[in-house]
Amino acid sequence: MNRNHLVEKQLAILMERYPQLACVRESIRRAYEILEECYSSGGKLLVAGNGGSAADSEHIVGELMMGFKKPRKLNREQREKLLGVHAEIGKILAEKLQGALPAIALDGHPALNTAYMNDCEPLLCFAQQVNGFGNPGDVFLGISTSGNSRNVLYAAVAAKARGMKVIGLTGEKDSALRELADVCIQAPETETYRIQELHLPIYHCLCLMLEERYFA
């Protein structure tokens, strides 16, 4: 099954389950293409949001860093390298480790974030991590139901300056994040909880497409 077919298959399933997302089909596809280019070049994803969007950031990282629907068994070369380091421990690792797509949620470093917020500037804590973790070719995914969360916007600007691509995940209203992003997926709702209800199937679709691509 070729790559384009796998992408279209997951998009078709998403549209069947959530017909209201037809208006963002193309932006989801473009976001996938950016992520695929990143991972194929050895890059990583940085994700940030506030409140429920911070929880979504952690959720996305969980789906990418271990098996989502597939077991993601290590290939023979990876298993042999582990066994070559230590026969007993390597055997356990070779059987239990799963393939991963590198992703980091920027809300998940409380010592660093609280130190930076206390010593420097609270709204720049995500931008500081982008400045430290980010490399050209990486991707920053900013999640904001309004699209105007200042800490997410600062991180997006830092990401662009680092040569990264930026994906926005927002509500339907135009926003500052939409203007900064290479692609912005604007869930067609205006109330926060309704936007968040649509964000989950959108990012699940992206994770499923990436898993199909790299762990088929």
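Q: What should I know about the numbering and the model before starting?
A: Residues are numbered from 1 along each chain as its sequence is written, and side-chain values use heavy atoms, with hydrogens and water left out. This is a predicted model in which local features need pLDDT of at least 70 and side-chain atom pairs count only at pLDDT 80 or more, while totals for chains, interfaces and linings use all residues.

Q: How many residues does helix α8 have, and what does it span from its first C-alpha to its last?
A: Helices are DSSP runs of H or I with at least four residues, strands are runs of E with at least two, and both are numbered from the N terminus. The expected span of a helix is 1.5 Å times one less than its number of residues. Helix α8 (150–161) has 12 residues and reaches 17 Å, close to the expected 16 Å. After α8 comes Gly-163, with a positive phi near 85°.

Q: Which residues of α8 are buried?
A: Buried means under 20% relative accessible area, exposed means over 50%, and partly exposed lies in between (1.4 Å probe, protein chains only). In α8 the buried residues include Asn-151, Val-152, Leu-153 and Ala-155. Among the elements covering the buried residues of α8 are β1 (45–48), β3 (139–143) and β4 (165–171).

Q: Which way do the residues of β1 point?
A: In a regular strand the side chains alternate between the two faces of the sheet. Here Leu-45 and Val-47 point one way from β1, Leu-46 and Ala-48 point the other way, and all are buried.

Q: Which strands pair with β1?
A: Two strands pair if DSSP finds at least two bridges between them. β1 and β2 (103–105) are parallel, with three bridges, and Leu-46 has Ile-104 of β2 as its bridge partner. β1 also runs parallel to β3, joined by four bridges, and Leu-45 stands opposite Val-139 there.

Q: Where is Leu-6, and why does Leu-6 count as buried?
A: Leu-6 sits in helix α1, and Leu-6 counts as buried because its relative accessibility is 11%. The C-alpha atoms of Leu-6 and Arg-213 are 7.6 Å apart, although 207 residues separate the two along the chain.

Q: What kinds of residue make up the lining of the largest pocket?
A: Nonpolar means Ala, Val, Leu, Ile, Met, Phe, Trp, Tyr, Cys and Pro, charged means Asp, Glu, Lys and Arg, and the others, Gly among them, are polar. The lining here has eight nonpolar, two polar and six charged residues. Helix α10 gives the largest share, seven residues.

Definitions and conventions. Contact means heavy atoms within 4.5 Å.
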